[in-house]
Amino acid sequence: MTETLQLLAHGFSIALEPQNLLLAFLGTLLGTIIGMLPGVGPINTIAILIPITFSLGLSATSALIMFAGIYYGSQYGNSISSILLNVPGTASAVVTAIDGHPMAKQGRAGPALAMSAIASFFGSSLSIVGLMLFAPLLAKWAISFGPAEYFVLMVFALSTLSSLTGSNVVKALVSTMLGLILATVGLDPQGTTIRFTFGQLKLYDGMDLVVVVIGFFAISEVLQSLSDTSKGQALQTEVGRVWISAKEFSSSFVTMIRSSIIGFLVGVLPGAGATIGSFIAYTTEKKLIDKDNTFGKGDIRGVASPEAANNSAAIGAFIPLLTLGVPGSGTTAVMLAALLSFGIRPGPLLLQNSPDIFWSLVASMYIGNIMLLILNLPLVGIFARILLVPKWVLMPLVTILSFIGVYSVNNSAFDLLLMSGFGILGFMMRKAKFPLAPVILGLVLGELMEVNLRRALSYSDGNWLALFQSPITISLWILTAVSLILPIVISRFRKKEITLEGE
Amino acid sequence: MSDRITAILIFIFAAIYGLEAYRLKSGFGSDSVGPRGFPLILAALLAIISIFLFLKPEFIERWPGRNEWINLLSMLVSFVVYAYLLVPIGFIAATTIETGFLSQRFGAKIWQALILGLGSSLFLYVLFVHALQIPLPIGKIFKQ
C-alpha cells in the first residue's frame, strides 16, 4: 500500500508540472466541448491531434495525459447536448437523454446538468481508485501470457465489441474483418513480402491509422450530416441554477455507486466501453428501483445512473489498454495507436518498465476530474451556448481540421485522397448500418494479431492446436463463443430494439 | 441497395482478396504461416460472414435520394480538388475556397461563407504554422 502511495506521489509530481497541468486542462476542456457537439467525438479529435502532438515534440506521457483528458472529458460534455437538445453528443450519452431531456422540458435543466456533472465526477473518482488498485494486479497476472494467449485475447476483444456494438452482429463482424484486412496492407510483419499495395509506393508502410480513422469517422460524419435532412431539435437555453438539493443527491447516491461499479466492470472488459456500460447500468437501475414508473419521464436517478456509468467505464477501459495492450473500444484503440506511434508499447511490462507513464496518468485523472467538475458545474451555461453554433460553421471547420490532421501525418496530398475514399466508404457503411468502431479496433489489432499468431505457431512448429492448449486460451475461446451466441439469444427476448453506435 | 447485394459484393471482395493473398510468395526464411496465412484466414471468415448476411438481410429504411447523392458527390469532388490544389496554390487560398464552398453547402449565405472561409483559413494558418510550428503549404505559385 505504501508503495502504491509512493508511486502515486511520484505520478503527481509529474502530472503537476506546468506543461502537463496545462495539457490536462486543454484535454478536459476540449473533451467537454467535442463531447457536447454531436458529430465530433473523441475518436476524431484524438486522431486529428496525433500528428500534431507528434510534431510538437510532446513526450508520450504528456500526450497521453491530454488524450485521456479528451476521452473522459467527453463523457462529461456529452450529457449537455443530451439534456438540452435531446441529441447525444457521443453514443455513450444516448441513455442520458431518456430522462435528462424530459427534465429540461419540465424546466429542470439546471438540476439535470448538475446531477450529470456530479455523477460523472463520482463515477470517475471511484473508477480511478479501481484503476490504481487493479491495473497492477492484472499486469502481474498477464506477464505469463504467451503469443497464443495474446492472439486469443484479441479474438475475444474483437468478438465482444462486434457482438455489443450495433444491433446486427453479422454486420459488426463484417466491419471487424474490414479493419483486419486493411491492417494487412503493406509490408508483412516479417518484412519479407509486400502485400495488397497494388503498386502504390505510399502504401508500403501500410495504411496510416490517422488517415483511415479521420476518413471513416470525421469525413463520413460530415457527409452524413449533409445528408441528414431532419430538422434540429429546439435547444433549451434556459439552464437556470445548476445545482441539486440534498434530497436529490441522497436519492441518487446508491444508484451512483451501483452504476459506477457496473460501468467500471464493463469498461475493464476488452471489447466493451462507455456506451454499453451506461446502457447496462440504466436498465439495471430501471429494474431495481423504478417502482413508481418514473424512469423515462424525467427521473433524476435516470440521469445519475448512465452518467456515473459512462465515466466510470471510460476510466476502466484504460486497464485493458495499458496492462494488456488490448483496447476495448474505438477511442482506446486510437489511443493505443497514438502510444505506439510514440514508441510506447502498452502491456504487462509497461507498469514495470515505465511506471512513470501509468502513475502520472492516474494522477492527472484525479486532477482532470476536479477541473471537469469546475468546468461543468458553474460554467455549463457558457458551454451550452456552443450548441448554438450553426452547422455551416461547425462542419466546414471539422472538415478543414481533418484535412490538416491528415496532411500533417506525411505532408502528403495523396493521403487526402485516401481519406476522402474512406469517408465515402464510412458514409455508405453508416447508411447501411455497419458499425464503424470495429473497423478501427480491427485495424489497430490486425498486425499485433498476425505477429502473435505467427509467433505462437513457430513456437509449436506449425501445430495449430497450440492455440487451444493453455487453460487461459481455452476459457477465452469459450467466452468468445458465448459473446457471439449470446446476442442472438438475447434479441429473442428483447422487446425494444436499441441501437448503439460506436463511441 | 439491399443487404443481399451488399452481401454478394462482400463475398466477391473476399474472393478477390483471398486470391490475391493466395498468390503471395513467402520470402526467404519465412515461418510456416507465411505472409499469406493470416490474410487467407480473414478472406475465408469474411466469405462465411457474407453468406450469413445474405441469408438474414435487414431492412434499410432510407437510402439517400438523387439530390442527396449529387450534394454528396459535389462535396467529394471538392475534397479531391482541394487535395490537388493544396500544394500549388497554398493552404490559405485553397482553404478559403473549400471552407466557403462547404459552408455554403450547409446553408450559409454567400457573404457568410466568404467571411468564414477567409477568417478560418487565416486563423488556422497562423495557429498551426506560427504558433504550433506545424508546416502547411504556402503555395508553389507564391514562391517564384
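This is a predicted model: local features need pLDDT of at least 70, side-chain atom pairs count only at pLDDT 80 or more; totals for chains, interfaces and linings use all residues.
Residues are numbered from 1 along each chain as its sequence is written, and chains are lettered from A and ligands numbered from 1 in the order in which they are written. Local features need pLDDT of at least 70, side-chain atom pairs count only at pLDDT 80 or more, and totals for chains, interfaces and linings use all residues.

The contact between the chains (C-beta atoms, placed from the backbone, within 7 Å) takes 47 residues from chain A and 57 residues from chain B. On chain A, the elements giving two or more residues include helix 3 (42–56), helix 9 (209–227) and helix 20 (437–459). Helices are DSSP runs of H or I with at least four residues, numbered from the N terminus. Helix 18 of chain A gives the largest share, 11 residues. By class, this side has 26 nonpolar, 13 polar and 8 charged residues. Nonpolar covers Ala, Val, Leu, Ile, Met, Phe, Trp, Tyr, Cys and Pro; charged covers Asp, Glu, Lys and Arg; the others, Gly among them, are polar.

Helix 9 and helix 20 of chain A pack at about 175 degrees, with axes 11 Å apart. Axes are lines fitted to C-alpha atoms over the stretch in contact, and angles run from 0 to 180 degrees between N-to-C directions. The two helices are therefore roughly antiparallel (angles over 145 degrees). Helix 9 contributes A:Leu209, A:Val212, A:Val213 and A:Phe216. Helix 20 contributes A:Val439, A:Ile440, A:Leu443 and A:Val444. This contact has 8 nonpolar, no polar and no charged residues.

Conventions. Two residues are in contact if their C-beta atoms, placed from the backbone, lie within 7 Å. Angles under 35 degrees count as roughly parallel, over 145 as roughly antiparallel, 65 to 115 as roughly perpendicular and the rest as oblique.
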